[in-house]
Structures are given as C-alpha cells and as structure tokens.
Amino acid sequence: MDKKQQDIAYFLSFCTEQYKNEKHLSGGEAVEVLGQYGVLDYLAEHYEMLHTQGRQWLMEDIDEYIALRRKEA
C-alpha cells in the first residue's frame, strides 16, 4: 500500500469512527450504513478535497450525501 492509499484508509477510518460516534451506532452499524449508500467510495474518490475539512463539516456532508441517495432509491 503506497502513502496515498494509506492516507485514504486512515481518512475513511476517521470518518467511520466519527460517524459512529455522531449517530450513536456500533462500528458494524456505521460501516453498514456508509456502505449501503456508497459513502466510503464517495469519501475515497473525493479524498483530496474532503480530508482538509473539519469533523462537523464532514458529518454534515455525509448526512447530505445519504439523504440524496435515499431520495434516489
């Protein structure tokens, strides 16, 4: 795993942990929700922009992303 891939993996782990805490979920539940709506792929794809944002902004962005995916379903 190269440095960038490692940075992305750490970022995804950070976001998952923060989302878990924000929503009072278990780790498995958080991964399930984020995976169901493609959030982890979105975060990885847009890592360059997103990793510079603060925790609260990221949580709001994830909530918005999930809300949009629910409307599409």
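Histidine 24 is exposed, with a relative accessible area of 72%; exposed means over 50%, buried under 20% and partly exposed in between (1.4 Å probe, protein chains only). Histidine 24 sits in the loop between helix 1 and helix 2. Helices are DSSP runs of H or I with at least four residues, numbered from the N terminus. The phi of histidine 24 is positive, about 55°, although the residue is not a glycine. Most residues other than glycine have a negative phi.

The model is predicted: local features need pLDDT of at least 70, side-chain atom pairs count only at pLDDT 80 or more, and totals for chains, interfaces and linings use all residues. Residues are numbered from 1 along each chain as its sequence is written, and side-chain values use heavy atoms, with hydrogens and water left out.

Helix 1 spans residues 3-23 and helix 5 spans residues 55-72. Their axes come within 10 Å and cross at roughly 80°. Helix 1 is therefore roughly perpendicular to helix 5, a class that covers 65 to 115 degrees. Axes are lines fitted to C-alpha atoms, for helices over the stretch in contact, and angles run from 0 to 180 degrees between N-to-C directions. On the helix 1 side, the contact involves Phe11, Phe14, Cys15, Gln18, Tyr19, Glu22 and Lys23. Helix 5 contributes Arg55, Gln56, Leu58, Met59, Ile62, Asp63 and Ile66. Contact means heavy atoms within 4.5 Å. The residues of this contact divide into 8 nonpolar, 2 polar and 4 charged. Here Ala, Val, Leu, Ile, Met, Phe, Trp, Tyr, Cys and Pro count as nonpolar, Asp, Glu, Lys and Arg as charged, and the others, Gly among them, as polar.

Helix 2 covers residues 27-36, and its buried residues are Ala30, Val33 and Leu34. Seen down the helix axis, these fall within an arc of 95°, so they line one face of helix 2. The arc is that of the directions from the helix axis to the C-beta atoms. The buried residues of helix 2 pack against helix 1, helix 3 (39-45) and helix 5. Gly28, Glu32 and Gln36 are exposed on the face turned away from the buried side. Threonine 16, in helix 1, is buried at a relative accessible area of 14%. Leaving aside neighbours within four places in sequence, threonine 16 is in contact with Ala30, Val31, Leu34 and Leu40.

Glycine 38 follows helix 2 and has a positive phi, near 70°. Tyrosine 37 lies in the loop between helix 2 and helix 3. At 17% relative accessibility, tyrosine 37 counts as buried. Tyrosine 37 touches Tyr65, Ile66, Arg69 and Arg70, not counting residues up to four places away in sequence. Alanine 67 lies in helix 5 and is partly exposed, with a relative accessible area of 36%. Alanine 67 and tyrosine 37 are 30 residues apart in sequence and 9.2 Å apart in space, C-alpha to C-alpha.

The largest nonpolar core has 19 residues. Such a core is a set of buried Ala, Val, Leu, Ile, Met, Phe, Trp, Tyr and Cys residues joined through side-chain atoms within 4.5 Å. Phe11, Tyr19, Val39, Leu43, Ile62 and Ile66 touch the most other members. Helix 1, helix 2, helix 3, helix 4 (47-50) and helix 5 each supply at least two residues of this core. Isoleucine 62 touches Cys15, Tyr19, Leu34, Val39 and Leu43, not counting residues up to four places away in sequence.

Terms used: Parallel < 35°, antiparallel > 145°, perpendicular 65-115°, else oblique.
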